[in-house]
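Q: I would like to go through this model one feature at a time. Please give the general idea where there is one, then the case at hand.

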4 protein chains.
Amino acid sequence: MIKVAVNGYGTIGKRVADAVAAQKDMEIIGVSKTKPSSEALIAVQRGYPIYIADLSKKDAFEKAGIPVAGSVEEMLKKADVIVDGTPGGVGETNKKLYEKAGVKAIWQGGEDHEVAGFSFNAHANYKDAIGRQFVRVVSCNTTGLCRVIKVVDDAFGVVKVRAVMVRRGADPHVVKKGPIDAVVLDPPTIPSHHGPDLNTVLPHINIVTMAMIVPTTQMHMHAITMELKKDASRDEILAIMRKHNRIGLIQPKTAIKSTAELKEYVMDMGRPRSDLWENGVFEASVNMVGKELFFFQAIHQEADVVIENVDAIRAMMGEVKDPETSIRMTNEALQFTAL
Amino acid sequence: MIKVAVNGYGTIGKRVADAVAAQKDMEIIGVSKTKPSSEALIAVQRGYPIYIADLSKKDAFEKAGIPVAGSVEEMLKKADVIVDGTPGGVGETNKKLYEKAGVKAIWQGGEDHEVAGFSFNAHANYKDAIGRQFVRVVSCNTTGLCRVIKVVDDAFGVVKVRAVMVRRGADPHVVKKGPIDAVVLDPPTIPSHHGPDLNTVLPHINIVTMAMIVPTTQMHMHAITMELKKDASRDEILAIMRKHNRIGLIQPKTAIKSTAELKEYVMDMGRPRSDLWENGVFEASVNMVGKELFFFQAIHQEADVVIENVDAIRAMMGEVKDPETSIRMTNEALQFTAL
Amino acid sequence: MIKVAVNGYGTIGKRVADAVAAQKDMEIIGVSKTKPSSEALIAVQRGYPIYIADLSKKDAFEKAGIPVAGSVEEMLKKADVIVDGTPGGVGETNKKLYEKAGVKAIWQGGEDHEVAGFSFNAHANYKDAIGRQFVRVVSCNTTGLCRVIKVVDDAFGVVKVRAVMVRRGADPHVVKKGPIDAVVLDPPTIPSHHGPDLNTVLPHINIVTMAMIVPTTQMHMHAITMELKKDASRDEILAIMRKHNRIGLIQPKTAIKSTAELKEYVMDMGRPRSDLWENGVFEASVNMVGKELFFFQAIHQEADVVIENVDAIRAMMGEVKDPETSIRMTNEALQFTAL
Amino acid sequence: MIKVAVNGYGTIGKRVADAVAAQKDMEIIGVSKTKPSSEALIAVQRGYPIYIADLSKKDAFEKAGIPVAGSVEEMLKKADVIVDGTPGGVGETNKKLYEKAGVKAIWQGGEDHEVAGFSFNAHANYKDAIGRQFVRVVSCNTTGLCRVIKVVDDAFGVVKVRAVMVRRGADPHVVKKGPIDAVVLDPPTIPSHHGPDLNTVLPHINIVTMAMIVPTTQMHMHAITMELKKDASRDEILAIMRKHNRIGLIQPKTAIKSTAELKEYVMDMGRPRSDLWENGVFEASVNMVGKELFFFQAIHQEADVVIENVDAIRAMMGEVKDPETSIRMTNEALQFTAL
Ligand SMILES: NC(=O)c1ccc[n+]([C@@H]2O[C@H](COP(=O)([O-])OP(=O)(O)OC[C@H]3O[C@@H](n4cnc5c(N)ncnc54)[C@H](O)[C@@H]3O)[C@@H](O)[C@H]2O)c1
Ligand SMILES: NC(=O)c1ccc[n+]([C@@H]2O[C@H](COP(=O)([O-])OP(=O)(O)OC[C@H]3O[C@@H](n4cnc5c(N)ncnc54)[C@H](O)[C@@H]3O)[C@@H](O)[C@H]2O)c1
Ligand SMILES: NC(=O)c1ccc[n+]([C@@H]2O[C@H](COP(=O)([O-])OP(=O)(O)OC[C@H]3O[C@@H](n4cnc5c(N)ncnc54)[C@H](O)[C@@H]3O)[C@@H](O)[C@H]2O)c1
Ligand SMILES: NC(=O)c1ccc[n+]([C@@H]2O[C@H](COP(=O)([O-])OP(=O)(O)OC[C@H]3O[C@@H](n4cnc5c(N)ncnc54)[C@H](O)[C@@H]3O)[C@@H](O)[C@H]2O)c1
């Protein structure tokens, strides 16, 4: 059993914890919280031991009925791998701690590539992660791009990618962040950082990205154009997407035309936390104009990276050498079949 | 086994179907859809037989991989009770159908009191529903008011209620309805219809309500003032709320201050569809000033009436005579304990 | 003086009326309303004679203190040109009326090209509109595309255009339309109709557009890529945009990064109705990658077509033969200089 | 001429500057900015001398084409009265500066009552402000409450006020603040601070307020209940509101039912920045139930305090002793008549 700890039990951390706990070859030995909250109460409900950064707050936790298992340092000692789920920029400051404890660690996309020196996507570079101490799982947007560009590139060759990312303003439960009624260019320059970020995983791809933020909490939407090397028909493109185990095709018969309806659909399916772990490609949008491929995909920011973290753990531990084996193990443990 | 059919498998209908299917004494014998859609696919996944209003559309359903069990009329024949979940105003037009089929039927709050001649809330008037052919479950807002006013009135007597309902603009998956950036008075006159609607269940309550719509999809928020007959302390009020099995108290230790954080909490708890079946009373807001009681409560529009429908079915069938027995059966079958 | 009537005094109609009234060579001889409302009261304030479609409602208008000048038919008789500002699809049904009255008419982008048989943009095809009876001013999005594609095409040649239009869900005062929290593909197929619509004005342009709707009321945002025939530097692109009298460059020193801040800026400038009549190109976003030009532009849906209507009127009347003369007359009468 | 400087030329500051500049007995001798921005460019356009807090940034301003008149300290020396428009909490830290310069100063509602020791509303306590060095104009919400409670109390006596304030999440141009899709209790306790704040102006009023934040940028909405001492008819209430020169009655004939439509109306009227300086009471909502008065009022957060600042200046300078004289001077200079 791979012993996993989650440092920073927030939006991503709590999902990774549940996904890890569902794996046959992994267990959660602890999660960390900075203060008592509804999320800490959920960790109690799940039976995850709770460690805290600042032991002087132990009383506050216990008054709230949340037992404290020890300090974060103690948690690090018990784990084989740490999944760092602290906010963007904070993760980096934890590196020393992990080095000192000699523990493997995974950061999220809010950190720079340099923090780990290696950026991960299961379908793209699982093998290169085998045995590594430090790995960074790329952001939700970059993960979504990696999956779809990799599969198309493998099949038909990609001359260039031009992508517009229409990003959600904040996660559903985050009430302080906006915008309320605006489209915000983020950044107002072109290209955005998403292209270079993709290149940390797929260095040879010619990509330019443009990004903006809109007042929604549900999902990101990508409007993607790819120029292909070889001729491809719409049906061939749909076929490779359909075959991919982390790309979902939203079929016209669902009548789904928006992120909100898509979220409702996976909610109705009973997915934990209504999570869309796969890319949500709108089948009706997939189109070829000459050698140019066009499509829309929805990316559930809270979910797609979660399963990548699980594979990253497996790769780093080195037992499972084959990416597809790990991906299948991860998906199956979650009873997850892409749409 | 009570045979239940859901006519109109939408936001409310699909939830009632699942809640009914979870009961030991009930089963779903069919649900109706008007056209193929993601919801119809969900009904297939759940194993509910699908009936359609217009049999000429059978082909369209079957092309979409959705088997059709028959017409709505055939469905009515097989059921003991119909839960009508069609849109407000449509339900009324189905009355003739139900009369002709001689079947019991439940309408939702989008219909007028007159359609059934009896308006229902489990804690308030379960016994009066016993044996009835037609019952209307009051709207989400009225259900939320009924629960809390009834329990306070029983304990301390209510002189009058003044309530402001800040309503969500549309359900999460409804993308055509607004507003996007406005507070809309609905109605711009005072009182709103919620007071008279409450009086269909609790006729003796002096109540004036004011209602508006805001750009959110999550939940309604009620700001409530009640003048009490007897003296009551804040602790006494909290005690009766805590004891109530469909009123939840959102504790300060959760740090939850908004509808969105509350939704996240029940999502994290693993509730199906992240549903808040109970009133969500913010414990920190409960306050007594003289004999006036003040508090905020969140009402999950999609969820609170669902369990009331289950009890209404039981009351109408007449086997279970005691309200608390039915309420406990309903809650337990859903593994539901109020916050 | 060109006598202009506005049939349908709504979002577009009221703005066109004011813009026309500001011109030295034009006057408003009447506007039409279907019922008393705040907009009708504004027409009274402006001194525009009010005509009504249904004379049986005369009393209702007069009770509300709104004098009625006559029927729409009477208005048509007094006018040289009608600007039809009725809702999309309604305009078409008015064609017979205009034909019968033998009056010139302008439709808006909500109607199909075929209603007029000629689609207009001042910089692109003013001369072709000279003397015509019927003209359609293309939609806000298409107008924004026309301006910028035309000027770049003239200077450097355009091989192809790929554009993503992130559209506002509803105008600011429209409270019934959503979405509230979703990105809605509209259409969920690619291409959207904007490309073909642009081709009604600039038939030779190779263009593919993708469109979605987001929960904002302020403006549309376009993410545009153009492949150019000739080499061009970023400075050369900026120079032709800066010179264009209906393209504004939002300078970095303003620190404006969003539609909302841009709206605030033109509001602070004192523009009537805070209208952005020009394309709002974000200077910092303009970039050349090889022969590909990238940039973001904000399009104020309520405003950009307004001044095009004024030029269309002048072209149809035929006195002013030179596009730039008309454009300058229109702009100057509004004291409008592009950002 | 009263020499006025605005320290903090933001949402409130820029409006106060324009309102002051429009007065016959006042002039703007300077405004302060901390960095170059669109607002600084607007100050240039208006011809207001620009002073900066940190003279080392002079170059940055001048590179952006914004001439710098000097330091904030120099500005203070030239002014009779400073209007402090810095963000809530910052204003307080400027007190020493104003004391040192021996200049009169006005703070806004983001500061505590204690910073000035006197809280102002023109209709309520103008006379008590005469000659004062330091005054605080109460917040937008409190200003809206003061006006309407004062006039009703004077006419009929107020036994108690219960008010629910449904607040806008952020000003229109503020894109970082949310919420996007939530109702946020602010505070989650009852009462909110608005009651005590009102008591700094009208100490004898029995008032309990409840406050929440919703995802809109337009205006606040108040749902108000007042118990009156004397009998009053709806018509009598409407009459005193109609007579009040800073309370507007939104008439049913306008068909306005929301903040957004109201904003559109004042925009169409040509008001600078579409500002609603008056309380926007929805006439249709005004109702008497026994001795209880109910109504809704919209409060334009950016605007209502602006004109109160102008009167506060006049009161502090002491020339105009009569409140109504000052109020009329202020309103007339802005060509403002309440709806
Ligand atoms: N939320 C998303 O949509 C999303 C998607 C992909 C990647 N990411 C990335 O995942 C990472 C986490 O983001 P999130 O959205 O889950 O953040 P979050 O704010 O939801 O959760 C962060 C958690 O870390 C805890 N924390 C804060 N400081 C800490 C410290 N010093 N030590 C231990 N715990 C601490 C917080 O209490 C919180 O529970 C970021 O790098 C982010 O960029 C987020
Ligand atoms: N959604 C809520 O928040 C909510 C809360 C409480 C009560 N209600 C009430 O519940 C009722 C249903 O509302 P909803 O929100 O679930 O609506 P919905 O639109 O989500 O679902 C209605 C369903 O009825 C189907 N339908 C439409 N016409 C039909 C017909 N003629 N025959 C059979 N099926 C038909 C539709 O296909 C859809 O599946 C209404 O009375 C409403 O007022 C809704
Ligand atoms: N609003 C925009 O953003 C926008 C932008 C560009 C183009 N357009 C196009 O402009 C046209 C008008 O749109 P709008 O947004 O101004 O609509 P609107 O709804 O704001 O105004 C339409 C007006 O027409 C009146 N009307 C309705 N039916 C009528 C009839 N039969 N006869 C006379 N008057 C009637 C209505 O009372 C209303 O005043 C549409 O074609 C639309 O697609 C709109
Ligand atoms: N915006 C509203 O709706 C509203 C309504 C009523 C009252 N108020 C109150 O008015 C005050 C100002 O609020 P606002 O919304 O106008 O804020 P704002 O952020 O729009 O403007 C504040 C301005 O002060 C400047 N500033 C910041 N620090 C400064 C410093 N140290 N010295 C000089 N200038 C500085 C900023 O550059 C900015 O221009 C606050 O007390 C607020 O609570 C605001």
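Q: How many residue pairs are in polar contact between chain B and chain C?

A: The model is predicted, and the count takes in pairs with both residues at pLDDT 80 or more. Between chain B and chain C there are 2 such residue pairs. On the side of chain B that touches chain C, the residues are 7 nonpolar, 4 polar and 3 charged.

Q: How much area do chain B and chain C bury between them?

A: Interface size is often expressed as the accessible area lost when the parts come together. For chain B and chain C the buried area is about 1000 Å², with 66% of it on carbon and sulfur atoms. Chain B gives 14 residues to the contact, and chain C gives 14 residues.

Q: What rotation superposes chain C on chain A?

A: In general, a rotation about an axis and a shift along it relate two copies of a chain. Here a rotation of 180° with 0.0 Å of shift along the axis places chain C on chain A, with an RMSD of 0.0 Å. This is the relation of a two-fold axis.

Q: Which residue of chain C has the C-alpha nearest the axis?

A: The residue is C:Pro215, whose C-alpha lies 3.0 Å from the axis. Both copies use the same surface, as 100% of the contact residues of chain C recur in chain A.

Q: Which residues are closest to ligand 2?

A: Ligand 2 is surrounded by 21 residues, and the closest are B:Thr11, B:Ile12, B:Lys33, B:Asp171 and B:Gln301. A polar side-chain atom of B:Thr11 is 2.9 Å from an oxygen atom of ligand 2. Backbone N or O atoms also approach oxygen atoms of the ligand: one of B:Tyr9 at 3.2 Å, and one of B:Gln301 at 3.5 Å. On its own, ligand 2 has 830 Å² of accessible area, of which the protein covers 78%.

Q: And which residues are closest to ligand 4?

A: Around ligand 4 there are 20 residues, and the closest are D:Thr11, D:Ile12, D:Lys33, D:Arg168 and D:Asp171. A backbone N or O atom of D:Ile12 is 2.9 Å from an oxygen atom of ligand 4. An N or O atom in the side chain of D:Lys33 lies 2.9 Å from an oxygen atom of ligand 4. For D:Asp171, a polar side-chain atom lies 2.6 Å from a nitrogen atom of ligand 4. Ligand 4 exposes 820 Å² when taken alone, and the protein buries 78% of that.

Definitions and conventions
Residues numbered from 1 in each chain as written. Chains lettered and ligands numbered in written order. Predicted model: local features only at pLDDT ≥ 70, side-chain atom pairs only at ≥ 80, totals over all residues. Heavy atoms only, no water. Contact = heavy atoms within 4.5 Å. Buried area = accessible area lost by both parts, 1.4 Å probe. Polar contact = N/O pair within 3.5 Å; in protein donor to acceptor, adjacent residues only side chain to side chain. Nonpolar A, V, L, I, M, F, W, Y, C, P; charged D, E, K, R; others polar. Least-squares fit on C-alpha atoms with pLDDT ≥ 70 in both. Near = heavy atom within 4 Å. Areas by Shrake-Rupley, 256 points an atom, 1.4 Å probe, with all protein chains shown as cover.
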